[in-house]
Amino acid sequence: MLERGRWSWLRTILPVGVVVAIGLLAIAMEPLAAQSYTPREYGDFPVIGSRAAIWIAAQLHLFFAAFVLGVPMFAVVAEAIGIFSSEERYDKLAKEFTRLLLVSYSATAIWGAILVFGLITLYPGLWGYLAEIFAPSMWVYVGIFFFESFTLYLYYYGWDRWKKGRAKWGHWGLGILLNVWGTAVMLIANSWLTYMMSPPGEVTPDTAPEMVQFWSAFANATWMPINIHRFIANIVFGGAIVGAYSAYRFLSAKTDEERAHYDWMGYIGNFVAISALIVLPFAGYWLGREIYEYNQQMGTTMMGGFMSWLWVVQAFLIAVLFLAGNYYLWVGMGRIPGAERFMPYTKWMLLVLLIGAAVWATPRNMIANRAEITAMGGQFHPFLGVLGVMSAKNTAVNLMILTTFLSFLLYRRANKKAVVSWEKRGTTIQGALFIIAAAVVLFYGVYGYFVPSIVRIGFSVYQVLAVIAAIILVVLIDIGMMRGAKSRGEIRWGEMPERSQYALFILAVTFTWLMGLMGFARSGIRQHWHVFEVVRDTSVDAATPALGYASIVISACVLIFLSMVTFIFWVGGLAEKPVISGVGAGAAVSAPAVMDQEL
Amino acid sequence: MTNIKILGVIIGTLAIYTWIANAIPQLESVVPEELSFSSDVSEAELVAAGAELYNGGAGCTTCHGLETRAPNLVTGYSGEGPIGTRCGTRVPGQDCKAYLHESMMNPMAYVVEGGFDPMVFQARVFSGVQIWALVAFLQDQGGVVTVTGAEVAAAAEADATAPAAGPAVASTDPLEIMRGNLCLACHMLDGEGAELAPPFDGMGSRIDTDRIRRGIIDPGAEIAEGFDHLAGSMPPTIPDLLTARQLEVLVDFLAGQGG
């Protein structure tokens with residue numbers, strides 16, 4: 001309590017002082033109050049910059065996402081094979097796949113969160129624009145993600161509890177549901193990124209985002225081609241990573257039984273990866289065609305502009321994939337009795353693959369100095385220049401696909417002896433189908449030189465259809481022909497040279513790198529647009545970098561991904577030892593049974 | 001030892017891919033430079049700006065640097081010399097400057113014979129000044145630059161005052177609407193126009209009114225049979241350049257074009 005008299009002046013002054021202080025504060029605050037909040041378009045990220053930061057976050061999220069979307073697909077197929085064939089080793093294989101999945105799931109979510117926070121803080125303008133259009137789908141996305149997570153937990157942790165009878169069917173149903181959730185999540189996320197590539201024609205720079213029709217933006221021109229392409233690519237990627245995991249386990253195995261198990265698992269991983277790889281280029285053709293039809297300038301930029309050399313690198317990578325995949329199969333035939341009768345053909349198949357790879361990797365423009373250009377008689381080499389166009393490249397890759405399919409066919413038939421009366425006729429028809437498909441591919445390859453590019457790109461469809469038709473018909477004939485076939489001997493699982501396992505590592509690294517490269521291509525063809533010809537990139541990173549810089553970022557992403565995957569698998573291994581299936585060394589499994597189910 | 005070998009294979013594979021990607025030509029996609037010239041712009045400035053656009057952000061060399069896609073404009077084509085020496089004789093009665101400008105504003109107008117694809121240059125994403133800079137650069141390839149400062153200044157003013165979107169012409173006469181929106185650059189009507197896209201003659205007897213309207217509003221939605229190769233060529237901005245009345249006038253007019 002204030003003392004009367006001595007402090008009475010304070011009692012008078014205090015209210016006045018408070019009023020004056022409030023007044024001064026109000027004056028001081030006025031400029032602040034007058035400033036309206038203006039959101040910034042871009043943020044800064046230290047050292048590597050905003051673009052590289054978002055690039056790395058998006059790429060790593062996609063690597064993990066592809067893995068956790070691809071693996072459930074063949075886990076559920078392996079479980080189904082186990083149910084229908086009553087072979088428990090398939091069930092155990094499916095569970096081991098899912099164990100890898102479980103520990104990768106949180107990494108996917110973490111990188112997803114890093115990506116979203118990165119976009120919010122570094123590209124708030126773009127994020128706000130996309131959120132305005134896609135908000136409802138973002139809410140659905142997180143809802144499905146929630147269901148997906150809990151379905152996965154039920155699927156994995158319920159494996160041993162729901163192992164018999166009707167409960168097993170219920171468990172398999174959970175696996176299917178997991179795939180449904182995963183695919184739905186992918187479809188939603190794909191709509192956001194494809195909108196950035198191919199916004200509907202009615203959307204212009206002056207269209208307010210709230211005026212953009214949701215479904216028109218969601219189901220844009222490149223959405224479905226990307227969905228299909230990614231769906232298949234995820235299977236390839238999952239198979240390749242599982243193959244590398246198996247190779248690591250094979251090389252560090254202590255017992256023959258362990259080696260046999262991981263040899264078998266590695267084979268399955270490679271089989272899944274290469275089988276899906278065979279059809280992947282067809283999805284790629286469709287995507288390319290849709291890009292051309294959406295915007296010819298974008299298509300031309302992709303194939304002939306600053307990105308033209310990217311396809312030479314891509315050709316080299318795919319050549320490595322085909323060669324490594326076939327090499328693994330050919331080496332693997334060494335452990336299959338009866339395969340020796342096919343071995344003389346491998347050198348011819350290798351020749352086709354090498355010629356195909358060389359044609360595919362031939363650049364249109366040679367790197368040459370003035371004297372060399374004069375010697376060539378122009379900018380294009382008189383012979384190599386002809387091989388550098390899409391007609392030659394499409395022909396080469398289709399023939400490589402046919403050759404790889406032939407490798408699989410020989411592997412499948414290696415230890416079988418058909419008993420049907422029409423075996424000779426069936427084999428002749430199969431041979432004729434290969435020749436017809438190759439002839440169609442070659443015909444359109446040559447004809448493509450005489451028509452404009454927009455017509456030529458349509459020819460790839462006919463080439464693809466010829467190859468797909470041949471593959472389907474040959475497989476159908478083979479299944480009928482090998483029904484009840486006699487065995488020439490059992491596959492000696494585990495008796496695989498160590499060098500074959502390094503081929504699996506090269507496959508995994510190459511798939512991963514290729515995925516990063518194609519991500520750069522897809523994103524880069526927008527050039528200096530966040531949303532093509534609608535939202536311009538005005539940041540300091542608006543120019544799309546050259547391939548050299550991109551390759552460094554991609555390699556860094558692959559290295560981070562593989563390091564994290566190694567760590568995750570190691571951690572997963574600490575928690576639970578993998579169950580070794582009953583694939584004994586030197587093998588208790590009859591090859592026909594295995595191959596019928598696998599092909 | 002096994003782990004070291006595995007690490008070596010992984011790092012080695014990554015190193016090879018990175019090396020290859022760095023060993024090939026390094027092409028960057030640059031952003032087209034915004035130009036702000038006034039009437040006193042010099043010829044050298046215009047040509048230099050045009051050269052930068054031509055070789056960079058405008059993406060011209062994607063096709064015009066490769067003789068299989070389009071004629072080479074700088075080194076010459078078919079023994080005719082660079083574009084500056086031949087642009088004045090390409091279309092009777094049209095001088096070099098007008099020809100080059102029209103070629104860019106209306107890329108489907110003059111497709112050179114010899115199996116080339118129609119030009120895919122998207123003039124609408126470039127400013128008027130940038131277009132004139134490109135014209136000046138192309139004229140400079142063996143010819144005389146006649147682009148004037150007044151034209152550049154007028155384009156700059158038009159760029160600055162251009163409405164965000166709106167009708168290309170104010171008329172409600174169907175022919176004027178079609179001419180103003182360059183429809184006849186691809187479609188033929190009574191002997192006027194080009195035969196690249198389905199002719200307007202007889203359109204009403206081939207497709208119904210709704211289909212005609214859809215074709216204008218969403219050009220890529222349905223492609224006329226036999227014209228698949230032109231999918232994506234009709235500018236999707238056409239509906240933004242028409243008023244509702246103009247659209248209906250156009251639809252009625254085309255629906256009335258019987259056999």
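**Aromatic contacts in a predicted model**

The charged end of A:Arg536 sits over the ring of A:Trp529, 4.7 Å from the ring centre. Such a placement requires NZ of Lys or CZ of Arg within 6 Å of the ring centre and within 35 degrees of the ring normal. The charged end of A:Lys95 likewise sits over the ring of A:Tyr156, at 5.8 Å from its centre.

The model is predicted; local features need pLDDT of at least 70, side-chain atom pairs count only at pLDDT 80 or more, and totals for chains, interfaces and linings use all residues. Residues are numbered from 1 along each chain as its sequence is written, chains are lettered from A and ligands numbered from 1 in the order in which they are written, and side-chain values use heavy atoms, with hydrogens and water left out.

Over all chains, 46 aromatic pairs were found. Rings of Phe, Tyr and Trp (its six-membered ring) pair if their centres lie within 6.5 Å; planes under 30 degrees apart are stacked, over 60 edge-to-face, and the rest tilted. A:Tyr447 and A:Phe459 are stacked, 5.1 Å centre to centre with 20° between the planes. A:Tyr447 belongs to helix 15 (residues 423-447) and A:Phe459 to helix 16 (residues 453-481) of chain A, so the pair ties together parts 12 residues apart in sequence. Helices are DSSP runs (H or I, at least four residues), numbered from the N terminus. A:Phe459 is buried, at 8% relative accessible area. A:Tyr447 is partly exposed, at 38%. Buried means under 20%, exposed over 50%, partly exposed in between (1.4 Å probe, protein chains only).

A:Phe567 and A:Trp570 form a tilted pair, with 6.1 Å between centres and 40° between planes. Both lie in helix 18 (residues 547-575) of chain A.

Notes:
Helix = DSSP H or I, 4+ residues; strand = E, 2+ residues; numbered from the N terminus.
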